[in-house]
Amino acid sequence: MGEQTHYRACNLCEAICGLEIKVRDGVIVSIRGDEADPLSRGHICPKAVALQDLQDDPDRLRRPQKRIGERWVELSWDQALDEVADRLAEIHQRDGANAIAAYLGNPSVHNWGNMTHSSAFLGPLKTRSRYSATSVDQLPHQLIAYWLYGHQLMVSVPDIDRSAYILMLGANPMASNGSLWTVPDFRKRLKAMQARGGKLVLIDPRRTETAEVSDEHHFIRPGADAALLLALLNTILSEGLGDPGRLAAFTDGLDQVAECVRPFTPERAAAVSGVDAETIRRIAREFAAAPAAAAYGRMGVSTQAHGTLCQWALALLNIVTGNLDREGGMMFPHPAMDLVQGAGSKPGHYGAWRSRVRGLPEFGGELPVSALAEEILTPGEGQHKALITIAGNPVLSTPNGRQLEQALASLELMVSVDFYRNETSRFAHYILPPTAALEHDHYDIIFHHFALRNTARYNPAILPKPAGALHDWEIFAGLGRRLRERLRPDARRPLLQRVQGRIRDELMSRMPPHRMLDFSLRRGVYGKKSPQQLTLRKLKAAPHGIDLGPLQQELPARLFTRNHRIACLNEELRGELQRFDQVLSEQQAQAPVDGELWLIGRRHVRSNNSWMHNSQRLVKGKARDQLFMHPDDLAARGLDDGQQVELRSRVGSVTVTVQSTVDIMRGVVSLPHGWGHTRSGVAQRVARKHAGQSANDLTDERLLDRLSGNAALNGVPVTVIAAEVAAADAA
Ligand SMILES: Nc1nc2c(c(=O)[nH]1)N[C@H]1C(S)=C(S)[C@@H](COP(=O)(O)OP(=O)(O)OC[C@H]3O[C@@H](n4cnc5c(=O)[nH]c(N)nc54)[C@H](O)[C@@H]3O)O[C@H]1N2
Ligand SMILES: Nc1nc2c(c(=O)[nH]1)N[C@H]1C(S)=C(S)[C@@H](COP(=O)(O)OP(=O)(O)OC[C@H]3O[C@@H](n4cnc5c(=O)[nH]c(N)nc54)[C@H](O)[C@@H]3O)O[C@H]1N2
Ligand code: SF4
Ligand SMILES: [Mo]
């Protein structure tokens with residue numbers, strides 16, 4: 001066959017870097033950055049080579065598996081899909097639709113077949129018991145986008161290539177390569193901005209890799225960002241520094257905003273955040289004075305106690321200064337395959353139903369995953385009896401993993417669509433493994449919605465599909481077809497509608513993703529009626545991708561609120577602001593609980609959530625799962641650097657090695673998530689050797705952002721003692 005060179009967008013993280021992959025005789029021989037990719041311009045990180053390790057991993061499952069007691073047996077696809085459909089239909093008929101729950105993990109959004117076809121499977125189930133990684137991640141962003149702009153995917157991103165000032169909170173793009181901000185090669189773009197005289201100000205309880213390259217870094221007490229952001233807003237409005245410019249013509253509620261933020265002074269923010277009032281005022285003045293500025297916050301400010309308020313205040317900072325939808329400010333991408341304006345667009349809905357046990361609100365048809373375990377464990381009508389997990393590992397990625405393990409062990413049926421037997425799928429009765437990434441074609445449906453430049457790129461499969469294997473989308477289509485036969489979800493409709501509906505369902509479920517892409521491209525903003533005339537054929541002829549130019553002004557045309565205006569406030573937000581006023585007064589009065597520390601997470605460029613630890617090349621070298629702690633906090637407890645310590649929270653404890661560092665704020669400790677491969681039954685040999693401990697054995701399913709139900713994974717109260725003392729206590 002000789003050597004072939006392929007081009008391909010990496011699907012491992014949100015940066016969607018272009019790769020150049022050389023294959024000889026069906027074997028990958030090299031993976032490099034694609035210099036000709038108009039978005040990533042040759043950028044790459046160490047994880048890209050792990051695509052090869054994933055491809056070759058002997059632990060990766062290739063055939064359907066069924067668990068009988070402790071034993072796993074292989075099945076044919078037909079038998080596996082038939083059995084799963086039979087058992088789901090049985091539970092559905094006996095206990096109702098909501099007895100079947102589904103959880104979609106993060107790689108679902110990186111695999112376009114999951115995006116186009118998971119509904120072919122989940123649709124006929126008609127269950128309201130849907131969960132995903134969204135509620136341990138970006139739910140507040142989506143809620144604010146829905147409330148302010150009328151669509152959950154109207155998320156704005158810093159236009160760094162033209163910006164003069166970025167205020168960043170709770171994000172670490174030097175490790176994460178950007179999030180809800182597809183910004184491959186962040187470092188080079190930041191350097192260019194700084195060379196133009198621009199400035200990056202970072203607010204983070206840890207002096208991170210991004211702090212190293214920022215112009216200014218300030219420690220903040222975890223969870224105090226809402227107070228800080230509201231004080232910035234207050235300063236700008238009360239000092240008359242705001243100017244929404246053209247936004248004023250289509251924005252409602254700006255006057256009331258000024259009223260609502262009046263109680264939030266820099267002095268109050270200083271008392272809870274540790275950032276002094278003069279610094280807050282200075283940052284507000286600098287931000288307002290910059291010719292083009294962007295206020296951006298990510299994981300650290302979304303997965304915390306006031307995530308939605310943080311995202312609201314960030315949006316308002318950009319609006320009142322006229323930086324929203326402005327070149328160099330926060331801009332809205334406009335992708336070629338557009339889920340905002342395209343066919344089947346889902347703007348969102350909030351609180352249309354609530355979780356059974358705790359009454360948490362749904363958003364966009366999903367419930368907060370912090371409620372999953374209790375919904376399985378609590379008897380009564382609607383109790384979850386079956387669970388399907390798709391591309392996820394909630395035992396390691398959602399709060400109180402030990403409680404979830406208990407719940408999973410009690411399920412009548414569990415099915416995992418995953419190519420690993422991980423900490424979660426080991427509980428499944430069936431594991432349905434799809435093809436690996438390079439065995440199917442790829443177009444990034446999601447992340448062009450968050451990219452700092454409009455581009456489009458389609459790449460065919462690089463390696464042949466192994467005989468008898470199924471892609472994710474084919475698994476969903478196969479299960480969907482079988483479920484429709486068994487459940488007849490349309491039984492009560494008139495015959496003609498039934499026939500039409502079935503033909504449509506059948507066509508949709510058999511239509512491969514690339515046909516849907518072609519359809520969307522032609523109808524999109526760069527389609528038939530535009531100069532670009534984008535079609536799938538055109539994309540195929542441009543394997544490095546097609547540049548569609550820098551981000552453009554999109555408002556007010558791309559507003560989807562009822563009156564096509566930005567809605568700055570609603571009843572929920574007003575109520576939340578009043579409550580937060582109360583919370584702040586109480587916090588200021590309260591002394592910190594004796595000896596307690598605040599736990600936060602962290603990410604490393606060589607690790608990806610819970611699932612890349614079976615790559616020897618990525619995990620080798622020194623361990624990366626230590627607990628970071630300030631030397632003063634160690635000294636106060638008589639602990640030494642490198643010692644084994646026990647961390648305790650309300651829900652559990654773990655034993656880890658502590659690392660002393662002045663790069664973390666006093667009173668704060670940091671442990672990365674996604675580790676803890678010590679559980680029995682996990683079939684990942686390399687990962688087990690580098691097991692680590694799971695941070696989510698400590699995070700608490702009761703700690704939430706109240707409005708959205710997003711998990712507060714950061715700012716979890718913990719105590720730390722020497723492991724030997726803990727052992728003696730226990731004895
Ligand atoms: N404490 C704490 N917890 C966190 C976070 C944190 O910062 N701190 N971060 C949160 C965030 S942002 C996220 S997104 C979640 C992630 O949490 P999850 O989405 O639950 O977990 P992942 O580790 O991404 O799980 C990936 C699984 O998907 C499988 N997989 C990979 N590719 C495919 C594919 O193409 N098809 C299928 N079917 N399966 C595939 C892998 O084998 C693996 O088992 O974790 C969250 N949890
Ligand atoms: N290498 C690598 N890249 C990844 C991933 C990965 O696991 N590994 N995961 C991908 C995924 S799923 C996501 S969602 C993104 C996440 O992308 P980012 O949000 O950029 O990454 P994190 O490292 O989670 O950054 C969160 C930061 O918030 C800080 N923080 C914690 N609590 C607080 C707080 O209360 N206030 C403030 N201001 N800061 C706080 C933490 O110290 C941390 O530096 O990364 C993606 N990219
Ligand atoms: S930064 Fe993300 S997209 Fe780029 S090569 Fe690394 S893992 Fe892949
Ligand atoms: Mo995430």
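How many nonpolar, polar and charged residues does the shell around ligand 3 have? By class, the shell has 9 nonpolar, 1 polar and 1 charged residues. Here Ala, Val, Leu, Ile, Met, Phe, Trp, Tyr, Cys and Pro count as nonpolar, Asp, Glu, Lys and Arg as charged, and the others, Gly among them, as polar. The residues around ligand 3 include Cys 10, Cys 13, Cys 17 and Cys 45. Lys 47 and Asn 177 are also among them. A residue is near a molecule if one of its heavy atoms lies within 4 Å of it.

The model is predicted: local features need pLDDT of at least 70, side-chain atom pairs count only at pLDDT 80 or more, and totals for chains, interfaces and linings use all residues. Residues are numbered from 1 along each chain as its sequence is written, chains are lettered from A and ligands numbered from 1 in the order in which they are written, and side-chain values use heavy atoms, with hydrogens and water left out.

Ligand 2 has 31 residues around it. Asp 204, Asp 225, Arg 603, Ser 607 and Asn 609 come nearest. The shell divides into 10 nonpolar, 14 polar and 7 charged residues. Helix 12 (299–302) gives the most, with 3 residues. Helices are DSSP runs (H or I, at least four residues), as are strands (E, at least two), numbered from the N terminus. Domain 3 (159–326 + 560–572) and domain 4 (591–722) both give residues to this shell, so ligand 2 lies between them. The domain bounds come from an automatic or database assignment.

An oxygen atom of ligand 2 lies 2.7 Å from a side-chain N or O atom of Asp 204. A backbone N or O atom of Gly 223 is 2.9 Å from an oxygen atom of the ligand. The protein covers 97% of the 910 Å² of accessible area that ligand 2 has on its own (Shrake-Rupley method, 1.4 Å probe).

The structure holds 56 salt bridges (a side-chain nitrogen of Lys or Arg within 4 Å of a carboxyl oxygen of Asp or Glu). Arg 285 pairs with Glu 239, with the closest N and O atoms 2.7 Å apart. Arg 285 lies in helix 11 and Glu 239 in the loop between helix 8 and strand 12, so the pair ties together parts 46 residues apart in sequence. Arg 522 and Asp 518 also form a salt bridge, at 3.1 Å. Both lie in helix 19, 4 residues apart. Asp 518 counts as buried at 17% relative accessibility, whereas Arg 522 is partly exposed at 29%. Buried means under 20% relative accessible area, exposed over 50%, and partly exposed in between (1.4 Å probe, protein chains only).

Methods
Polar contact = N/O pair within 3.5 Å; in protein donor to acceptor, adjacent residues only side chain to side chain.
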